[in-house]
Amino acid sequence: MTLEQDAETSSIAVPGTFHIIVLVLAFVVIMVYLISAESLKSADASLYHSKSNFTSAIENMNSISGSVRGQALQSTPNLHSAAFPNKSRKKIDLNTENPLSKDVLELWHDPSKRVICLVIDGNCTCNNPFLVGRLSGPSLCMLDWKKISDSSPKHGNYNLYGVGKKSTYCGQYDRSIKSDATYYLEILTLFCEDFGRGSSMLLSSPLPPEHNEAWLNFNFSTECMQNPATNRLTRINSTINTISTAISDDVPSISQFGHWLWNATTLERQLPTRYQPQGCRGSSVSACTIPTDDSGFGHYAFWWNPALVLAWQKQEFPRNFESRNPEPSPFCPLTCADSKCRKLCVKKSQNSYLAQKVRFKVCLIGASHSVHLAYSLHKLNLGRWFFHVQEAYPKGINEEFFLRKHKELGCGIFVIGIGQWPSSWAMGTPFLFEQYKSEMARIVNTVASMPPQIGNTTFQVYFRSMHHMPVGDVTGTCPPQDWRSPPVVESYNYLLKQAVQAVEPCTETNIAYLDTSFITQSMWDVAYDFCHLPRRVADIEAHYIAATTLLR
């Protein structure tokens, strides 16, 4: 064969080889896709269909949610890599009315990492800010902030940005966010003190041991909020664009059960954080009505995970549990405030509850937030299963309390929601974190030491997460007259969850942490009276709590 013939033969053979390679690669890709799809289908069936009851589905989803939260929030490679300069960064404009803005060296969005980061001059007067960030638009999502570098001597001399003291914070958003969409961004510097946490909002990862003691004993009672009129760090109507090729796409959504979606025919708009200026109670002047306006929340409706809905449908919830002929409300009206009225009302409502013919009964332990929950349950025609028991502080809850309520009301299931009063104005000073941890751990350990049955009744105790409150006139004044601010609420919830998790492996199934923050947290500022959830949120929470306690 001549050189020319060999060259000609080779020129014909190369394209053929190339096509074969392409076909082989295509075949491999298709097979991997089919195998993966079948695996996912099988996993989905195992997760949601092979289990015969709602509790199994919840356990699976809780397990996923817990592991996802661990992946998304405890691991920080993406956050650290996001701190280095890269081409995908998008600069975000600052609101110059915020005093901290002059000390922010950089603020940017990295859509490939699903993070928003800012670098603060470490020599500024607000160098440990407690940050709150929310995305609004097609859906609602809170940012989970973490301090990922600090060049101060306390944290060593390593600095991502060169010489000088600088702190870098990054806030991550999860996959409940719609890809290839525009979202409004709002970041607040709520405090100039992070309460010893080193991170902000969404407290989910354990503290380093050297920080834990300082945090537990931190006296937050004199810490003042930043002025809510100027605490927004981002310019009004700031936006970011999400992408579908984000590196963190391998991390599933933290919102495993559902989230709030835009449900209006009008164009999406920013949901500004509500607050109550000083002297605005009952006022109708624009300086008061604009910052307290809650109309924007009405554009959002809650979307439940279809797998959860399917689990409910299989047990015909809520239809099988609804009152066929709804009774008058067995709960005392909020207007019944004086002691004589309440005494008569409680007796009447208790008799009404005892007359209900149901398989088991649930006591809602707490104060006014549990009353609101009871009202929502009644409006959903599920009230006959539930009874509110007034208990504002942890002190009165012990083994004798559970046995007494079982004897008086027949309750074997308890949902404890205590935290509002210990952190409120009521005693003039709040429970610091160490005190709250000690009191709630005592209750948890009491439950753990009790048998899983009281007589012939199943004994089960749920510890419900505490609701957030907007910045009101009593929390926003200086010094504060009420301490139910986001860092306190988040810390209380974190401590309660840790206490429950500490005993769960040692018990059967009679203790659980009932986390409803996936419903309430992204609407943390919606409370109609700057304290209690409105019906559109409370009803969603009540539906979930009813499903969790009744479908066991």
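Where is serine 221 found, and between which helix and strand? Serine 221 sits in the loop that runs between helix H4 (209–216) and strand E10 (239–241). Please keep in mind that this is a predicted model: local features need pLDDT of at least 70, side-chain atom pairs count only at pLDDT 80 or more, and totals for chains, interfaces and linings use all residues. Residues are numbered from 1 along each chain as its sequence is written, and side-chain values use heavy atoms, with hydrogens and water left out.

- Not counting residues up to four places away in sequence, serine 221 touches Pro430, Pro480 and Trp483 (contact means heavy atoms within 4.5 Å).
- Serine 465 belongs to the loop between E18 and helix H11 (473–476), and because its relative accessibility is 1%, serine 465 counts as buried.
- A polar atom of the serine 465 side chain lies 3.0 Å from the backbone nitrogen of threonine 516.
- Leaving aside neighbours within four places in sequence, the contacts of serine 465 include Asn493, Tyr513 and Asp515.

**Helix H8**

- Helix H8 covers residues 368–379, and its 12 residues reach 17 Å from first C-alpha to last, close to the expected 16 Å (1.5 Å times one less than the number of residues).
- Helices (H or I, at least four residues) and strands (E, at least two) are DSSP runs, numbered from the N terminus.
- H8 is mostly covered, with nine of its 12 residues buried; among them are His369, Val371, Leu373 and Leu377.
- Those buried residues pack against strands E13 (361–366), E14 (386–390), E15 (411–417) and E18 (460–464), and against helix H14 (535–550).
- After H8 comes asparagine 381, with a positive phi near 65°.

Terms used
Buried < 20%, exposed > 50% of the residue type's maximum accessible area, 1.4 Å probe, protein only. Polar contact = N/O pair within 3.5 Å; in protein donor to acceptor, adjacent residues only side chain to side chain.
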